[in-house]
Amino acid sequence: MSLFLCLCRYPAGFVYIFTALYYATDHGANIRTGQYLFAVFYLLNLLLVFRIYHRTQKVPPYVFFFVCCASYRIHSIFVLRLFNDPVAMLLLFGAVNLFLDRHWMLGCGIYSLAVSVKMNVLLFSPGLLFVLLWEFGLLKTLPKLSLCAAIQLLLGLPFLLENPVGYISRAFDLGRQFFFKWTVNWRFLPEEVFLNRYFHVALLAAHLLTLLLFTFQRWKRPGESIMALLKDPAKRSQPMRKLSADHILFANGLVSSGVVSVKMAHWSTTKWHCL
């Protein structure tokens with residue numbers, strides 16, 4: 001177990017799901033079965049994404065055809081690479097659909113499951129936190145955050161009991177070194193600059209600054225204090241409107257937060273180094 005924790009770079013949910021896939025594919029020998037399973041994941045992802053677009057009424061139906069056929073990279077990740085990204089995003093999109101249907105507690109549970117498959121789903125957490133505070137205030141948000149934490153604790157319990165430091169430092173490692181050969185956006189830099197820790201810190205600072213700008217300039221309503229979000233909605237001096245699907249996704253939270261975070265992370269590198 002300790003050796004496994006040293007080698008594994010992903011949270012516990014990944015271990016459970018890919019262990020099941022390992023046995024479903026004859027110990028990894030039957031690749032075609034794995035591709036069929038990931039094709040199902042792909043279709044479910046499309047269904048969930050189409051439903052999100054349908055709820056927002058922002059995209060005409062004919063665009064869905066291009067979503068299906070135009071992305072070679074998506075097809076590669078799902079059917080050729082069999083990465084854990086498809087599983088994580090499937091759970092994330094499921095959580096987003098639940099948020100749009102206002103099943104907040106269940107949505108938070110599914111979101112936490114997505115985080116347990118791949119840590120990069122945490123990039124959507126600033127927007128989710130803002131949406132929850134807007135909708136419920138601090139006290140009613142805490143149970144939902146506690147559910148997310150409890151799921152992480154429960155799934156990771158076997159590993160935490162064996163080697164808590166090893167599990168947390170590997171599965172949620174924010175300090176991983178990147179491989180220069182995988183970067184796209186920073187290819188013009190010398191490798192020693194790209195690998196410099198100060199460069200990574202500068203990118204992280206730019207990321208956090210961008211999120212702060214979105215919080216105070218984009219997400220917060222003009223003339224309101226950000227501290228008003230901590231109060232129960234019924235006790236706020238200016239009652240806030242109920243969040244529409246567009247506000248949940250774009251104006252106030254999930255997608256804008258995710259796009260900012262994913263884009264900033266993508267500027268850093270396209271792949272974290274892992275064993």
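**Close-ups of a predicted helical model**

**View 1. Tyr111 and its neighbours.** Tyr111 touches Leu92, Ala95, Phe99, Val121, Leu122, Phe124, Ser125 and Leu128, leaving out residues up to four places away in sequence; contact here means heavy atoms within 4.5 Å. This is a predicted model, so local features need pLDDT of at least 70 and side-chain atom pairs count only at pLDDT 80 or more, while totals for chains, interfaces and linings use all residues. Residues are numbered from 1 along each chain as its sequence is written, and side-chain values use heavy atoms, with hydrogens and water left out.

**View 2. The largest nonpolar core.** A nonpolar core is a set of buried Ala, Val, Leu, Ile, Met, Phe, Trp, Tyr and Cys residues joined through side-chain atoms within 4.5 Å. Buried means under 20% relative accessible area, exposed means over 50%, and partly exposed is in between (1.4 Å probe, protein chains only). Which members of the largest core touch the most others? Out of 36 residues, they are Leu92, Phe99, Tyr111 and Val121. The elements that give two or more residues to this core are helix H3 (31-56), helix H6 (85-100), H7 and helix H8 (125-162). Helices are DSSP runs of H or I with at least four residues, strands are runs of E with at least two, and both are numbered from the N terminus. Apart from this core lies another one, of nine residues, including Ile151, Leu155, Tyr167 and Ala171.

**View 3. Helix H7, end to end.** H7 runs over residues 104-117, and at 1.5 Å a residue its 14 residues should span 20 Å; the end C-alpha atoms are 20 Å apart, so the two agree. The expected span is 1.5 Å times one less than the number of residues. How many residues of H7 are buried? Ten of the 14 are, so the helix is mostly covered. The buried ones are Trp104, Gly107, Cys108, Gly109, Tyr111, Ser112, Ala114, Val115, Ser116 and Val117.

**View 4. Lys144, a buried charge.** Lys144 sits in helix H8. It is buried yet has no salt bridge, a salt bridge being a side-chain nitrogen of Lys or Arg within 4 Å of a carboxyl oxygen of Asp or Glu. The nearest side chain of opposite charge is Glu135, 9.4 Å away; Lys and Arg count as positive, Asp and Glu as negative, and His and the chain ends are not counted. Setting aside neighbours within four places in sequence, Lys144 is in contact with Trp104, Met105, Cys108, Leu132 and Phe136.

**View 5. Asp101 and two arginines.** A search of the whole structure turns up five salt bridges. In one of them, Asp101 pairs with Arg51, with the closest N and O atoms 3.0 Å apart. Asp101 is in the loop between H6 and H7 and Arg51 is in helix H3, so this pair ties together parts that are 50 residues apart in sequence. Arg55 also forms a salt bridge with Asp101, the closest N and O atoms being 2.5 Å apart. Arg55 lies in helix H3, so that pair ties together parts 46 residues apart in sequence. Each of these side chains is partly exposed: Asp101 has a relative accessible area of 29%, Arg51 comes in at 33% and Arg55 at 31%.

**View 6. Glu135 and Arg102.** These two side chains meet in a salt bridge (3.0 Å, N to O). The pair links distant parts of the chain, with Glu135 in helix H8 and Arg102 in the loop between H6 and H7, 33 residues apart. Buried or partly exposed, what is Glu135? It counts as buried, at 8% relative accessibility, whereas Arg102 is partly exposed at 33%. Back at Asp101, salt bridges that share partners join Arg51, Arg55 and Asp101 into one network.

**View 7. The loop at Asp26 and His27.** Both Asp26 and His27 are found in the loop between H2 and H3. Most residues other than glycine have a negative phi. Here Asp26 has a positive phi of about 55°, and His27 has one of about 60°. Asp26 is partly exposed, with a relative accessible area of 48%.

**View 8. Spans annotated as transmembrane.** An unreviewed UniProt entry gives the annotation "transmembrane region" for residues 7-24, 36-53, 103-133, 145-161 and 198-216. UniProt positions are given in the numbering used here, feature names are shortened, and annotations may be inferred rather than shown by experiment. In the model, residues 145-161 are 100% helix and 0% strand, with end C-alpha atoms 23 Å apart. Residues 198-216 are likewise 100% helix and 0% strand, with the end C-alpha atoms 27 Å apart.
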